[in-house]
Amino acid sequence: MAFSISPSYPYTTSLSRDTIKKVKKITTFSLLQRPPPICKKDFTSQLGRRESSNFRVFASVTNTDVSVNESVEKVQLVKGDTWSIHKFGGTCVGSSQRLSNVADIIVKDDSERKLVVVSAMSKVTDMMYDLIYKAQSQDESYESALDAVLEKHKSTALDLLEGDDLASFLSKLHHDINNLKAMLRAIYIAGHATESFSDFVVGHGELWSAHILSAVIRKNGVECSWMDTRSVLVVTPAGSNQVDPDYVASEERLEKWFSENPSKTIVATGFIASTPQNIPTTLKRDGSDFSAAIMGALFRARQVTIWTDVDGVYSADPRKVSEAVILQTLSYQEAWEMSYFGANVLHPRTIIPVMRYDIPIVIRNIFNLSAPGTMICRPPPDETENGVILESLVKGFATIDNLALVNVEGTGMAGVPGTASAIFAAVKDVGANVVMISQASSEHSVCFAVPEKEVKAVAEALESRFRQALDAGRLSQVAIIPNCSILAAVGQKMASTPGVSATLFNALAKANINVRAIAQGCSEYNITVVLKREDCVRALRAVHSRFYLSRTTIAMGIIGPGLIGATLLDQLRDQVAVLKEKFNIDLRVMGITGSRTMLLSDMGIDLSRWREVQKEKGEKADMEKFVQHVRGNHFIPNTVLVDCTADSNVATHYYDWLRRGIHVITPNKKANSGPLDQYLKLRALQRKSYTHYFYEATVGAGLPIITTLKGLLETGDKILRVEGIFSGTLSYIFNNFKGTRSFSEVVREAKEAGYTEPDPRDDLSGTDVARKMCLGLARTLQVIILARECGLELELSDISVKSLVPEPLQASASAEEFMQKLPQFDPDMTKERQAAADAEEVLRYVGVVDVVNQKGAVELRRYKKDHPFAQLSGSDNIIAFTTERYNKQPLIVRGPGAGAEVTAGGVFSDILRLASYLGAPS
């Protein structure tokens with residue numbers, strides 16, 4: 001007699017179990033599935049479901065005890081999109097309340113069928129391993145430790161369960177504890193535990209948590225069974241502390257288990273399995289995640305959700321990069337790469353089972369159910385807007401610390417087959433793990449990274465293996481470079497996209513980070529670099545910022561909180577929030593130092609009250625300590641020192657700072673107007689490195705004089721003459737030296753307004769103008785070319801300067817004494833002014849660089865009232881560039897050239913220019 005059953009649920013109930021036992025033959029069934037869905041960003045919505053498997057059961061019954069009118073019940077497992085898999089780690093089930101929360105999530109899941117994989121309660125696996133360690137160490141405290149395990153689970157059960165479920169669990173718990181006592185006693189006597197004994201012991205945590213959770217779910221009104229996965233999952237050892245699932249055997253056991261324990265909600269143990277010989281074992285590291293992935297494949301589930309304590313997968317370790325973002329999606333390959341390189345995603349082997357059936361994995365936070373998490377799946381087509389890819393080419397960055405580089409080098413390696421094989425055979429023999437390999441095409445050397453704790457054994461093995469080659473000189477050395485870290489950039493869209501590597505290495509170079517070794521596979525899913533360990537975090541932040549995943553962050557040290565420095569700090573205070581929000585630039589003032597006191601901060605000084613904090617917490621000024629503090633913050637990749645002083649001693653430090661990879665910005669004129677050889681040495685250093693030296697505010701305060709000169713030179717123009725009123729101070733003085741006002745009165749007014757240097761003689765002597773005139777020809781990298789083309793090698797002493805300081809006052813002991821005596825010489829200046837007025841002219845103190853005649857001068861000149869120089873007002877500067885292009889009509893730059901606000905603004909502009917060079921979006 002034959003029966004044909006076509007159920008729409010995973011099992012039917014038309015016959016009794018006694019009748020089922022009389023069925024002699026059951027045929028297998030076939031799955032009919034639609035193609036799997038691709039990954040979508042809105043993965044909280046329903047994915048396209050696979051069709052439930054349609055099947056028929058054919059049974060032949062020959063036993064005469066069965067009536068022909070009886071129907072046969074045979075429970076069959078339906079696979080496909082109706083199943084969703086959840087995995088909860090130890091933290092998620094770590095207490096009674098958390099177990100209750102998990103049960104609530106499962107009950108509210110509207111999936112038609114659910115399988116829940118659970119780990120042991122938090123810390124229990126460690127407690128179980130500790131039991132084994134104590135027992136084999138013959139430490140009798142294992143007994144009290146086992147009592148603690150009993151008490152933990154007993155109290156949890158008493159909190160959550162009641163009635164038959166409580167009695168059933170406590171009975172099983174005590175039975176298991178008694179068995180464990182006997183086994184641990186045997187281990188104690190033998191002083192040794194086999195691997196299978198250990199696996200049996202540690203797997204009990206999962207058994208107990210699964211039993212409790214299934215009972216809590218039933219208590220909430222949902223029928224639920226629990227599965228000891230040792231009766232279902234079959235694995236075989238694969239070496240290196242890993243196992244391989246036997247999917248064929250596991251599927252057979254799963255169908256048998258399900259036929260005997262049909263349920264739409266199942267709680268299964270993670271981490272544990274059995275060998276083909278039915279010996280208990282574990283899935284090793286990250287075994288519960290692996291269990292969930294295997295179950296997802298066995299059930300052909302719609303989705304596997306891994307519940308954890310983070311909102312998803314971050315673009316970088318948030319402990320190292322505070323601006324790291326949650327990634328909405330990752331491809332299987334991207335997750336695989338990031339996992340391998342240390343990112344807290346999944347173990348790479350967890351991804352293998354679900355990749356086979358294109359089953360998405362979602363990482364979610366059990367403590368933040370509103371967060372959608374990260375979906376790991378087959379990548380969707382490129383999402384674009386107006387042809388522009390919206391998503392970053394690099395998905396994320398990961399690091400591995402505590403590595404050492406091994407470099408095997410020698411001319412005898414080139415073209416010799418088997419050298420690499422011999423190297424890595426020796427490494428394998430000592431059981432070391434090779435993390436990364438790099439070899440130049442010349443075959444002159446092979447370098448590879450291994451964990452630092454294994455490098456000594458590796459080095460000894462290689463020196464022993466290649467002793468003859470080393471002695472003969474075919475190999476020159478086996479070199480060890482300790483204290484290394486790996487930084488990996490991962491992104492599937494990097495493949496065949498030009499410029500990604502260039503951007504990565506450019507970001508590292510601009511952060512002054514040296515790369516020790518490089519590796520990239522032909523798949524181009526990752527680019528791996530080896531760095532000094534001390535540079536790793538700075539490197540991570542630098543590349544993360546460069547790919548627009550976070551702000552461009554710059555650590556700043558302000559030297560000289562005087563008039564200009566204090567004004568700059570106030571400007572930063574008012575603008576820093578806007579720069580963060582709108583321009584993705586994070587400027588953090590890590591230190592402020594004057595000549596006597598300094599203020600340091602690890603996270604950034606509160607600029608709204610820096611004056612008060614400096615008085616309260618300021619310490620004795622120490623320039624080296626100050627620089628080391630600002631530079632030493634490994635969490636910020638870029639450092640700039642802003643010198644707002646007029647101190648020549650501070651300027652002597654620029655070369656050393658630039659050499660150490662610290663950018664320098666300054667309105668201080670002393671460095672650029674000092675000895676020519678020192679200046680050229682400073683510029684040569686900058687040319688060889690990625691450090692920047694900006695000094696726009698040294699000439700004309702905030703006017704773009706340096707920038708204009710650079711533009712003329714870089715576009716191939718030839719400078720013939722530069723003439724102008726370069727000093728805002730002297731512009732102010734001579735613009736206001738009119739009518740009946742005395743010269744000394746105007747000088748005092750300028751000093752009180754902050755236009756002059758602390759000692760006005762620096763302005764009136766023409767020294768300040770002379771400095772600026774030299775500086776004007778010595779702009780950026782073109783200065784050496786310009787000087788050679790023009791034949792000008794000007795020192796400050798080469799410029800003819802007419803001083804406005806009366807000769808008797810040049811030796812005044814102080815600025816105060818000078819100001820007191822200056823009125824005595826007012827008649828001389830009044831006479832000069834009157835002579836100019838009689839000729840319908842005005843006095844102007846100008847600087848001139850005559851490139852054609854190879855000379856420079858600073859002097860008091862008279863100009864007709866219709867000349868541009870005669871029409872200035874206030875402290876405006878004016879500069880005229882006469883070039884081959886601008887010959888008949890000079891190029892004029894005019895505007896405010898003095899005052900704390902505009903000077904500080906010029907410095908601020910240089911800071912933002914630096915941020916742009918370092919990768920901030922423009």
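How many bridges join strand β28 to β29, and do they run parallel or antiparallel? Strand β28 (residues 663-665) is joined to β29 by 2 bridges, and the two run parallel. This is a predicted model, in which local features need pLDDT of at least 70 and side-chain atom pairs count only at pLDDT 80 or more, while totals for chains, interfaces and linings use all residues. Residues are numbered from 1 along each chain as its sequence is written, and side-chain values use heavy atoms, with hydrogens and water left out.

**The open sheet**

- An open sheet is formed by 7 strands in the order β26-β25-β24-β23-β27-β28-β29, with mixed pairing.
- Strands here are DSSP runs of E with at least two residues, helices are runs of H or I with at least four, and both are numbered from the N terminus; two strands pair if DSSP finds at least two bridges between them.
- At the edges stand β26 (619-620) and β29 (693-694), each with a single partner strand, so one side of each has no neighbour in the sheet.
- As a general point, strands of a sheet pair through backbone hydrogen bonds, either parallel or antiparallel.

**The nonpolar cores**

- The largest nonpolar core has 52 residues, and F88, M128 and L213 have the most contacts inside it.
- Such a core is a set of buried Ala, Val, Leu, Ile, Met, Phe, Trp, Tyr and Cys residues joined through side-chain atoms within 4.5 Å.
- Several elements each supply at least two residues of this core, including α2 (96-108), β4 (113-118) and α7 (204-219).
- Helix α5 gives the most to this core, with 10 residues.
- Leaving aside neighbours within four places in sequence, M128 is in contact (heavy atoms within 4.5 Å) with V149, L180, V201, V202, H204 and W208.
- A second, separate core has 45 residues, among them L115, W257, A273 and L327.

- T269 lies in strand β8 (residues 265-269) and counts as buried because its relative accessibility is 0%.
- Buried means under 20% relative accessible area, exposed means over 50%, and partly exposed is in between (1.4 Å probe, protein chains only).
- The side chains of T269 and T229 are joined by a polar contact of 2.6 Å.
- A polar contact is a pair of N or O atoms within 3.5 Å; within protein, one must be able to donate a hydrogen and the other to accept it, and residues adjacent in sequence count only if both atoms are side-chain atoms.
- L709 sits in helix α23 (residues 705-714) and is also buried, at 3% relative accessibility.
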